[in-house]
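Me: I would like a close look at a single part of this model, namely the place where the two protein chains meet. Please take me through it carefully, and then say what lies beyond it.

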Protein chains: 2
Amino acid sequence: MHLLATFTLLPAAIDSQLQREAGMTHFEFGVMAALSRQPGRRLQLKDLAVVANGSLSRLSHVISRLERQGWVRRVSGTKGRATDAELTDKGYRKLMEAGPIHFQEVRRLVFDVLTPQEVKELKRVTSRLNAGLIPETNLGPLARRIRASALRQSR
Amino acid sequence: MHLLATFTLLPAAIDSQLQREAGMTHFEFGVMAALSRQPGRRLQLKDLAVVANGSLSRLSHVISRLERQGWVRRVSGTKGRATDAELTDKGYRKLMEAGPIHFQEVRRLVFDVLTPQEVKELKRVTSRLNAGLIPETNLGPLARRIRASALRQSR
DNA sequence: GGGAATAAGTTGACGCTTCAAGTTATTCTA
DNA sequence: TAGAATAACTTGAAGCGTCAACTTATTCCC
């Protein structure tokens, strides 16, 4: 099955390249990239977890690692028990350096291999798959509750 | 990016469902399924590693786990230092039980969501991506050498 | 306004994967 | 044919993710 192999090999390839050449996980990259897009380069952990498609627990561990590198800083948020993660200047520089490395690789492995037509197809297909995946993704017990309450609120 | 989310969420969803309902990893499932297709339900570890898209080290650990479950048995092969993995009867029964569970889920998450046309597109696109991925996949230092020697032989 | 439920994070243990280093057996090659 | 290289594993440590359990703060409601 091609599908299977792709979904095994592609993430592995991308992850290991980013790890080797930028010293970070693909997930860590995603977290920092998400932060960089926010006003003030900061975001509450709960929300960051959703944006980065990870559980809060995972995120908490990752933020600790990123703090150790000096790339991110925890800032206590304004509301409730909220904690924000904030991208430091050092983290921003690191991200700017890692970005091209990463996107070049994605380009090489995906976009250069496919015709523009195929890229379009792939985008459409993956977006349809996500529609089925996102509402039920198992993001751990906490995230499940978050999703549930998000649903409740949206009624 | 849709692509990114799909490649994060889909494997996670499939893995966690298989883990919950059949008590095995998707990789373990793949290994047992590969064995079941071989004559005598056995295969040398080196080759099994390639078929299952994993490093030899990873496979060795996994085979140890599967042996502990009584699903697979190590059999010393005929040539050289070769070791074969053999699917036991218990393992075969387990696999027969896990198969439908797994494929139902894949169907639900992928094939039911897409039109037949989209499925065709997805198959074609993934097979083209694999063409780029397989020759250079980083399967650890040993597998790299194996690939290298495979190339050497094929000249 | 006081106690229960809920929300947001943190933490530690456990399992899996990778990587590097170690074995053993086999095959070249000088 | 002895020694070096190579092949086929195995093993152990380190890192990451998940899960369950634990804090602490907030809100609900009677």
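Reply: In this predicted model, the area buried between chain A and chain B is about 4,000 Å², buried area being the accessible area (1.4 Å probe) that two parts lose on being put together, summed over both. Carbon and sulfur atoms give 69% of that area. On the chain A side, A:Phe7, A:Leu9 and A:Leu133 lose the most area to chain B, and together they account for 16% of what that side buries. Counted by contact (heavy atoms within 4.5 Å), 37 residues of chain A meet 37 residues of chain B.

The model is predicted, with local features needing pLDDT of at least 70, side-chain atom pairs counting only at pLDDT 80 or more, and totals for chains, interfaces and linings using all residues. Residues are numbered from 1 along each chain as its sequence is written, chains are lettered from A and ligands numbered from 1 in the order in which they are written, and side-chain values use heavy atoms, with hydrogens and water left out.

Between chain A and chain B there are six salt bridges, a salt bridge being a side-chain nitrogen of Lys or Arg within 4 Å of a carboxyl oxygen of Asp or Glu. One of them joins B:Glu121 to A:Arg124, with the closest N and O atoms 3.6 Å apart. Across the same interface of chain A and chain B, 10 residue pairs, both at pLDDT 80 or more, are in polar contact, that is, a pair of N or O atoms within 3.5 Å, where within protein one must be able to donate a hydrogen and the other to accept it, and residues adjacent in sequence count only if both atoms are side-chain atoms.

Helix H1 (2-22), helix H5 (89-111) and helix H6 (116-133) of chain A each supply at least two residues of the side that touches chain B, helices being DSSP runs (H or I, at least four residues) numbered from the N terminus. H1(A) gives the most to that side, with 13 residues. The residues of the side of chain A that touches chain B divide into 17 nonpolar, 12 polar and eight charged, where Ala, Val, Leu, Ile, Met, Phe, Trp, Tyr, Cys and Pro count as nonpolar, Asp, Glu, Lys and Arg as charged, and the others, Gly among them, as polar.
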